[in-house]
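Open the model in your viewer and keep the selection panel at hand. The stops below go from the whole chain to single residues.

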Amino acid sequence: MLLHELQPGRLVAGAFLTLVGVLYAGDAGGAWETPWFVAIPLVTGGLCLAGAVGILTGRIRRRRTSGRTATDEPGPDMAA
C-alpha cells in the first residue's frame, strides 16, 4: 500500500536541483571548476521540464479516472 501518490514532476525538479547542488558542492570542495552561470539554465530547464511532466501526469490521471463512475465495482486498488 502506498502512503502517497507518486508525483513525477516533483521528482524531476528535485533531481535537477540536486544536480546543481552537487555541481556547486564539487566546486566548493575543489574537485572541479563550475562556472557561476551553469546553474541558471539547469534550474530553469529543470523547472520547465518538471512543469511539463506535471501537466502530462495530471492529464493522464484525469483520463484514467474519467472513465470510472460511482457504480463501478471496487477493484484491488479501490477501497471497498
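What follows is a short tour of a predicted model.

**Whole chain**

Show the cartoon for everything. The protein has two helices and zero strands. How much of the protein counts as buried? Of its 80 residues, 14% do. Contacts come next. Among those with a separation of 6 or more, 46% join residues 24 or more positions apart.

**First helix**

Select 8–29, which is α1. This helix has 22 residues. From first C-alpha to last, α1 reaches 31 Å, close to the 32 Å expected at 1.5 Å a residue.

Next, show side chains at Gly 9, Val 12, Ala 13, Val 20 and Gly 26; these residues of α1 are buried. They lie on the same side of α1, because they cover an arc of only 160° around the axis. An α-helix has 3.6 residues a turn, so residues three or four places apart point the same way.

Which residues sit on the face of α1 turned away from its buried side? Select Arg 10, Leu 11, Ala 28 and Gly 29: that face carries them, and they are exposed.

What covers the buried residues of α1? The cover includes α2.

**Leaving the first helix**

Move on to Phe 37, in the loop between α1 and α2. Is Phe 37 buried, partly exposed or exposed? Its relative accessible area is 47%, so Phe 37 is partly exposed; the exposed class begins over 50%.

Together with Phe 37 they form a nonpolar patch on the surface. The patch has about 400 Å² of accessible area.

Select 39–66, which is α2. Its end C-alpha atoms are 40 Å apart, which agrees with the 40 Å that its 28 residues should span at 1.5 Å a residue.

Now pick out the buried residues of α2: Ala 39, Leu 42, Gly 46, Ala 50 and Thr 57. What covers them? The cover includes α1.

**Last view**

Finish with both sets of buried residues on screen. Cover for the α1 set includes α2, and cover for the α2 set includes α1.

Key
Residues are numbered from 1 along each chain as its sequence is written. This is a predicted model: local features need pLDDT of at least 70, side-chain atom pairs count only at pLDDT 80 or more; totals for chains, interfaces and linings use all residues. Side-chain values use heavy atoms; hydrogens and water are left out. Patches are made of residues with over 30% relative accessible area and no salt bridge: like charges are joined within 9 Å, nonpolar side chains (Val, Leu, Ile, Met, Phe, Trp, Tyr) within 5 Å. Accessible areas come from the Shrake-Rupley method with a 1.4 Å probe; for residues, only the protein chains shown count as cover. A salt bridge is a side-chain nitrogen of Lys or Arg within 4 Å of a carboxyl oxygen of Asp or Glu. Helices (H or I, at least four residues) and strands (E, at least two) are DSSP runs, numbered from the N terminus. Buried means under 20% relative accessible area, exposed over 50%, partly exposed in between (1.4 Å probe, protein chains only). The expected span of a helix is 1.5 Å times one less than its number of residues. The arc is that of the directions from the helix axis to the C-beta atoms. Contact means heavy atoms within 4.5 Å.
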